[in-house]
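Visitor: I would like to learn how to read a protein model with several chains. Where do I begin?

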Amino acid sequence: MSHLSSADVDETTEAEAPATDEAREEIVAIFTEELGDALLGSHIRPGDDVWLRVSRDAWRTAGIVLRDRAGCRAFEFLSAIDWLPSPFGKSEDSPTDERPEPDTEIVTGYAGGDTRFQVFARALSYHRKLGVTLKVDLPDDDLSIETWLPVFAGVNWHERETHEMFGIDFVGHGHLAPIYLPGEFEGHPLRKDFPLLARIVKPWPGIVDVEPMPEAEGGADDEEASE
Amino acid sequence: MGLVESGKLPKPLTSLLNTSRKYSIWIFQWGLACCAIEMGAALGSPRYDVMRLGVIPLPASPRQADLVCFSGTVTDKMVPAIRRLYDQMPDPKYVISMGSCANCGGPYWDSYSVTKGVDQVVPVDVYVPGCPPRPEALLEGIVLLQQRIGKEDMVERWKGEPLVVS
Amino acid sequence: MTAVSDRQKLAYVNSQAADGRVNLEFETQEGMTLNMGPQHPATHGTLRIIVKLDGESVIAAEPVMGYMHRGYEKLTEVRTYPQVTTLVNRIDWLGSFANEVPFILAAEKLMEVEAPPRAQWIRTILFELSRIANISLFVGDMALHIGAMTAAFYAFRDREFVLNQIEAVTGGRFHPNFDRIGGLKDDLPKGWIADTKAAMEKIRDFCDEMDDLVTGNEIFQARTRGVGVIPADVAQQFGLSGANLRSSGVDWDLRRDQPVGLAWDQADWKVWTHPDGDSFARFWVRIQEVRESTKIVDQLLDGLPAGPIMAKVPRIIKVPEGEAWVATENPLGEMGYYVVSKGDLGPFRVKIRTASFNNVSVVPWVCRGVYVPDVVTILASLYFILGDIDR
């Protein structure tokens, strides 16, 4: 498994993809041609998937390119990722140990990223038989982005959900009412700094049952889960 | 039923009333989540056939029901509706909480949107554990409730005070 | 009334306040507002639909969800990978096993582990069995919504045969939690193959019976033909998937078009489409799907390879850094998991793309201008599961 990369287009495809994937490289070429500098990064896993990162200003244009030029007419989903490491530690941390100093370094995933919040969406092309994931960075001080409603009608509820879960504003949406939670609910649950109060009141007790960890990579091979 | 209100209900009459009550329960099905399908299998399928226990499923409205079965996850958004429908049921009314979620939150014990048990909202008579419980388990819960109804003191019930039934 | 606790009093006050808000809506809107739900009369769970009416025809319909929102995406972040399968079982509770598979495949893709062939075949068989268990209930349920109650009893009866087979392998009727990263928990029990073939025979009889009872019924056809037509273009825009998409004439099935390693390509079966895009088409396509599923199961049982059912995986599962998207053709449509891992015991972020969320998002579009009884038909034919919408 390759490590996460934020390299630009050419380096990514050359350094990390010994095998070639023409169909997906064609998608990257289409976006490079249409968006130029607004295409900030891309990542191809040959035979599997392609990730593209575009600039915030070009988000809607990228959507239209995705739909019309790349032929991905079937909308799949739109959501966001909060790349901040959880300040409440990981689930496997023991509740009795002292909580480690929370990690604040933001490491983003495929196709790179500079900021904490990233909106990502995916669409599918029936005739190419592949899907494309688009990502876009949002600056922390202005969590807003153009709506994709003119691109895919189905994005309506997805943007409402993302607004509710992350507090991201979709400019031009017009009806960002809460979709899941009751009106009185405060906070944005899918942000990493949203605490699960039940876990803080009563920490997960399952940690006592977990066997000691095998030594990093070396011990992994001689252990078998099946009989 | 002047006898009941005056508190002078003879024992044989109590027993007769209880017996007739416990074998003519109208169960209002409140299917919330996965357990609803198992409840549907218990109430609506020929294999489990709840009617042989003297329980009549699928009333048109909670106003006609004696028993409500909450089966599935209760969310904070759902709570007002649950309370409202419970209040619309005529007394004496009984509640079965079916499945781990309705009992205590179940697998969603740490979720931000799930109520940790329907008993925070309405009083519960019988808890049926399981995730989801088999239809047989729900039937046993109903039998337990019938035993409980059989032992009830009608006069105490009429006073409107909380009942303690052993 | 019996004594109530403080929490119960609070709930009562809240319910009164909710009443007030609804009344306010009634008074301020033009036309008449009809509230359907959140207590759904059928077994789907709880969906509320606010319909604005002009006489008998619908001006606007707005689904209100969230009554079953359980916060899966947040909960996956505080659980380990094996624990997550327990949770995701319960998203689409009628086809539970099918929910586990794409998540496990995504984790396997990140770990670069592949389950042995026998495990893949058994996965496929169980996947199809859960599809049959799911859709056979739909068949009865759709008829129930139209007003034919008998079909629902038959569906519940014949569904048990499939549930018995799932239970015999996994130990659970509903939530098997049987899939493991790298394979399966256990092998098939003795005598299971013959039993399953007998069950498939019964399911095929059930489909014929339903065709006799429901599909050819004049009233049923009058209620469903031409009701709730979704053109192919709209279906794609809204991201419809599964039978809802195929009944709009789009020939797309992830089982055939995006193989994920399971054994569907080993069987000979057909993807059914229907050009009409109406409620009847959705019903018809689903019945054909059940028939095809029984065929797939029969063929895979015949050619089941021998061998281990578990690949070599470390005892404690740590998934390497990376992102993976795996989608499969679930009973309700395309279900996908976008898993982001940071090399920990648990995932960093899981985006769950469920079929029903997209399928139901077309309701405001398709319900405009229909009559009130047609709303019920359309909802039944779109076939959603509340856990699948709200997650």
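Guide: We will go through sheets, a helix pair and then the interfaces.

Guide: This is a predicted model, so the ground rules matter: local features need pLDDT of at least 70, side-chain atom pairs count only at pLDDT 80 or more, and totals for chains, interfaces and linings use all residues. Residues are numbered from 1 along each chain as its sequence is written, chains are lettered from A and ligands numbered from 1 in the order in which they are written, and side-chain values use heavy atoms, with hydrogens and water left out.

Visitor: How do I read a sheet?

Guide: Strands of a sheet pair through backbone hydrogen bonds, either parallel or antiparallel. Helices (H or I, at least four residues) and strands (E, at least two) are DSSP runs, numbered from the N terminus. Two strands pair if DSSP finds at least two bridges between them. Take the open sheet of chain C with the order 1-2-3, whose pairing is antiparallel. Strand 1 (32–36) and strand 3 (57–64) of chain C are its edge strands, each pairing on one side only. From one strand to the next, the twist averages 20°.

Visitor: How many bridges link strand 1 and strand 2 of chain C?

Guide: Five bridges, in the antiparallel sense. Asn35(C) stands opposite Ile50(C) of strand 2. Helix 15 (residues 372–382) of chain C lies across strand 1, strand 2 and strand 3, at about 35° to strand 1 of chain C. Contact means heavy atoms within 4.5 Å. Axes are lines fitted to C-alpha atoms, for helices over the stretch in contact, and angles run from 0 to 180 degrees between N-to-C directions.

Visitor: What about the open sheet with the order 6-7-8 in chain C?

Guide: It has three strands with antiparallel pairing. Strand 6 (322–330) and strand 8 (349–353) of chain C each have a single partner strand, so one side of each lacks a neighbour in the sheet. The twist averages 10° from one strand to the next. Five bridges join strand 7 (residues 333–341) to strand 8 of chain C. Val339(C) has Val350(C) as its bridge partner. Helix 4 of chain C lies across strand 6, strand 7 and strand 8, running at about 150° to strand 6 of chain C.

Visitor: At what angle do helix 4 and helix 5 of chain C cross?

Guide: Roughly 145°, and their axes come within 7 Å. The contact includes Phe97(C) and Leu105(C) of helix 4 and Phe127(C) of helix 5.

Visitor: Now the interfaces, please.

Guide: The size of an interface is often given as the accessible area lost when the parts come together. Here buried area is the accessible area (1.4 Å probe) that two parts lose on being put together, summed over both. For chain A and chain C it is about 5,400 Å². In that pairing, 70 residues of chain A are in contact with 60 residues of chain C.

Visitor: How many salt bridges cross the interface of chain A and chain C?

Guide: Nine. A salt bridge is a side-chain nitrogen of Lys or Arg within 4 Å of a carboxyl oxygen of Asp or Glu. Glu323(C) and Lys135(A) make one, at 2.9 Å, N to O. Strand 3 of chain A gives the most to the side of chain A that touches chain C, with nine residues.

Visitor: And chain C with chain B?

Guide: The area buried there is about 4,100 Å². Four salt bridges are counted. Glu160(C) and Arg47(B) meet in a salt bridge at 3.7 Å, N to O. Helix 6 of chain C supplies the largest share of the side of chain C that touches chain B, eight residues.
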